[in-house]
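Notebook open, model loaded. I'll jot things down as I look them up.

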Amino acid sequence: MTLSYYPGCTLKTKAKNLEDSAIAAMEALGMELVELPRWNCCGTVYSFAGDEELHQLAPVRNLIRVKETGSDKVATLCSFCYNTLKRADLLVRNNPDKMHTLNTFMEEEIDYEGDVDVVHLLEVLRDDVGWDAIAEKVQKPLEGLKVAPYYGCTLLRPEDIAIDDVERPTIMHDLLKTIGCNVVDFPYATECCGSYQIISNPDFVSQRAWDILSSAVRRKADAIVLTCPLCDANLGQTQKEFIEKRSDFTGIPILYFTQLLALALGLDPEVCRFELNYVDPRPLLESKGLLRQ
Amino acid sequence: MERIGVFICHCKLMTPIDTDAVLEAVREKPGVVHVEACEDLCVTPGLERVQEAIKSEGLDGVLVTSCSPVLHEEVFRHAATAAGLEAYRMRLVDIRSHDGIKENTERALEAIDSELEALKASQPPVLRKVPVIKKVLVIGGGIAGIRASLDIADGGYQVILVERTHSVGGHMIQYSETFPTLDCPQCIETPLMTETGQHDNITIYAHSEIEEVSGNIGNFKVKIRRKAAYVDWDKCNGCLMCTEKCPPRVLSEYERYLNLPKRQAHRRAIWVPHAQAVPMRPIIDREHCLHFTKGKCGVCVDTCPNKAIDFEQEDSFVEVEVGAIVVASGFDLMPKSYIKEYDADPDIIEGIEFERILCPAGPTTGKVIRPSDGKEPKEVAFISCCGSRDAEHGVPYCSRVCCMYLVKQALLYKHVCHDGQAYIFYIDIRTTGKNYEEFVQRAVEEDNVLYIRGRASKIFREGDKLMVWGSDTLTGKRIEIACDLVVLGMAMLPSEGAAELAAKLGIATDEYGFMTELHPKLRPLESSVPGIFLAGCCQGPRDIQDTVAQGGAAASKVLALFAQDEVELEEAAVS
Amino acid sequence: MRTEISTETLYSDFVKKVEEISEQKLLSCYQCGKCSAGCPMCFAMDLLPNQIIRLAQLGQEDDIARANTIWICASCITCSVRCPRGVDLARVMEALRLIEARKNVDHVEIPDIPKETIAELPQLAMVGGFRKLTA
């Protein structure tokens, strides 16, 4: 089985750990992620303006690229890319006049007609592969690992693109339970990490990161599991400062869901690229006996 | 040959039309012999003018272009018959419109044309006189149903009161104290419940439901299902010794499924809801009774002095014929789980759960404890508008009573826990009843209840405390309160099963399931089916005062109906 | 100094523009404050989100411009999701940002961002941040 795959800028550079582990894990599950040819930047963050269509060109052109491969579905790994592509698609599907404007402007491209579905890899795992099928392929259940799934914003808001319940999502919980983890709920699971404010107001993002990290620690989580490279950076990079300044904090590893999935499927930990994680999770995984082949 | 008169009515409020154009057009119509434009036809001088014309011109049909037929038709038909014209030959044409004069005029002419045809084709209605059976069915034994039953019974007529649970009393009997007088509802309602139970003219079918309804005003046939109680209520004397020995401990629906640390709020498998139940007769809950689930136990059988336990009992049916029905099926609260941004937590409770905790006759005898650990909460947050005034996630309407009961609960909490603090998160404070505003100010000034203006966005547990994230829109501050207990003012919804009941009765409901009145301002007691009246929260959220008033008013409608020995119905209405 | 409210402030070009770009009816907001209560960046804002939309309802463009609120907003959309009136406040915030940004004013000085930060951050932070905070 193959599935068209849209990486986005960050997956190719700063989030190679997310990409590599995802591709390997999906292959082990019998699905090949085929990178979309000639993809361009998705144009994040989605533009909410009602009076211009310019910012919708980038995402819609990517959907045209999907069409060109003969596919009607594209999977994303990056939460921001998911949000941007999906909302742009919904906008043009609901506004034929805007679709027409974009198609006319991109006259050198084939027309987009709202005929590509955008999905996030978690949806593919839940809906196309299925938890039972994944459970069957689990070689090394990650027992003893207490993880707190952190969803952030872009997979769940606004409601019309949410991949699960906006307030009480369980999709990552279900995946983590399937691969044997001990899943811990914490109240900041859907709270925003501060997002792009990291470039303009890093101190504020620091505060947000502390609220989120300390909440997970209070709930006795060993690690936080997430999907988004920006959340990963915001929650990961700020930890250095906290470890230095706070005697009660020793850091908490942050992992991508695909890294744990790959590990549980019995793949070589090398493919998970743990060395790229901001807080090295290997000591934790080692202590739980999860890194031995 | 027809002799039709058309009257174009004006008043300052009427839709503007080109009257001259209408007069000219209508004058030409075949069959029309009299046309005039006049003012204020709906009052006596105007009606007299129409009657004058009927007599002097020998009119055999009249059209009046007017406003609302629902409110005015009867007045005009009455005037017509007094002048010798048959009622069905008097028709009102609704020409109300909001556009410009040209469009209004066109519309009016179209409407007049169509009504003229209808008038010409009209046949005398086939009327049947139906005798009125002077017996009423009251559905619902809450305070609305009780009030209606007593008033009709006192008027000398037989009342059949059907109540779904096994005691009358409804929600009111669950409360701690009622606002604004702080009366104990057990004290004020129990005499009414007892009177209802003992009244010669009232038959209560508790633990019963409406199975089928057919018929029409004056003569409804109703099949009532008496659910199996597994106790023979005729042999039972209400001693309740069976309830003392029954082994299982079950979360009680009467106690809102409160799970208190010492199981104070649990009931047995054989149970009555409270010490003032009317009728004072237990039922056995099959799902938890050891005899039914495991084939063992029979402690109640051995204990009962009158051998009233009957495991073989089955549902039975009673068929009654009544002349009128009063629907008083009441309300339920929206489940807390509808508001997902508030955690599902034992210490996040809804209003009626807190009433049970506050109630001196309740499971904690009025001691304020929190469900998780039985400790006295030192800080309690009350959240208004949970699900109400929220078209996006709940219901758009205001549930009317929460502002008052939340402040009442805050005040009562302070009266028990003198060193406690109550916070009420609100958007507006709606205190429209007598002494309501004064009550709120008293709570603020005497009991230091702190009102914080802003909806709570998220409520979650952090260790021993519950964190409430709100805002104070008045000072522009984001607020966080760490409290011990949270009480949610959940939205009021029609009682569970109201939609099915309405369908059986054939009466209209609105999109939320509340039963629809014939006219919201002027005919609030009548459902869409003649002979079926509405009382209480089944029609919409309201407090006890208004409910009691409406129960009495519905009774008066029934009494007015029963003052006649027969009613005249058009053939189609009789089934 | 009293603030003037009249049909001129209520139906000003500013108000019309905000409603045009956001496609929201500002008066639908009944100031319940739930948006502010759930806003993750509120702690750093001069004025709360509900106060911003109130000022927009009253046509007070300058007060909004003086506050940092719209530039601290992280576009997390929690406000829109929880609003009981269905007001998409995130879009109103965006409209207010665009009105400022279209005057060719940046709210993040790119040359001031340390080189190490740019080297370390995922590109999407830059792409997203520049999209929202610059002209």
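Predicted model: local features only at pLDDT ≥ 70, side-chain atom pairs only at ≥ 80, totals over all residues.

Which strands of chain A does helix α11 lie across, and at what angle does the helix run to β8(A)? I looked: α11 (residues 257-264) of chain A lies across β7 and β8 of chain A, and its angle to β8(A) is about 70°.

Next I traced the strands. I get an open sheet of 4 strands in chain A, ordered β6-β5-β7-β8, with parallel pairing. β6 (182-183) and β8 (254-256) of chain A are the edge strands; each has a single partner strand, so one side of each is left without a neighbour in the sheet. I then zoomed in on one pair: β5 (residues 146-149) and β7 (residues 223-226) of chain A run parallel and share 3 bridges. For Val147(A), the bridge partner in β7(A) is Ala223(A).

**Two domains in chain A**

I checked how chain A is divided: domain 1 covers 2-121 and domain 2 covers 131-287. Their centres, taken over C-alpha atoms, are 24 Å apart. The contact between them takes 23 residues from domain 1 of chain A and 25 from domain 2 of chain A. On the domain 1 side, α1 (16-28) and α3 (79-94) of chain A each supply at least two residues, and α1(A) gives the most, with 9 residues. By class, I have that side of domain 1 down as 12 nonpolar, 6 polar and 5 charged residues.

**Chain A against chain C**

Here I find 36 residues from chain A in contact with 36 residues from chain C. Helices α8 (202-218) and α9 (229-237) of chain A each put at least two residues into the chain A side; α9(A) gives the most, with 4 residues. That side of chain A divides into 19 nonpolar, 11 polar and 6 charged residues.

**Chain B against chain C**

For this contact I have 19 residues of chain B and 19 residues of chain C. Strand β23 (residues 465-472) of chain B makes the largest share of the chain B side, with 3 residues. The classes on that side of chain B come out as 4 nonpolar, 7 polar and 8 charged.

**A helix check in chain B**

Last, I tested the length of α11 (residues 402-416) of chain B. At 1.5 Å a residue, its 15 residues should span 21 Å, and the end C-alpha atoms are 21 Å apart, which agrees. Is α11(B) mostly covered or mostly uncovered? Mostly covered, I find: 13 of the 15 residues of α11(B) are buried.

Notes: Residues numbered from 1 in each chain as written. Chains lettered and ligands numbered in written order. Pairing = 2+ DSSP bridges. Contact = placed C-beta atoms within 7 Å. Axes fitted to C-alpha atoms, helices over the stretch in contact; angles between N-to-C directions. Nonpolar A, V, L, I, M, F, W, Y, C, P; charged D, E, K, R; others polar. Expected span 1.5 Å × (residues − 1). Buried ≥ 20, exposed ≤ 12 C-beta atoms within 10 Å, placed from the backbone. Domains from an automatic or database assignment.
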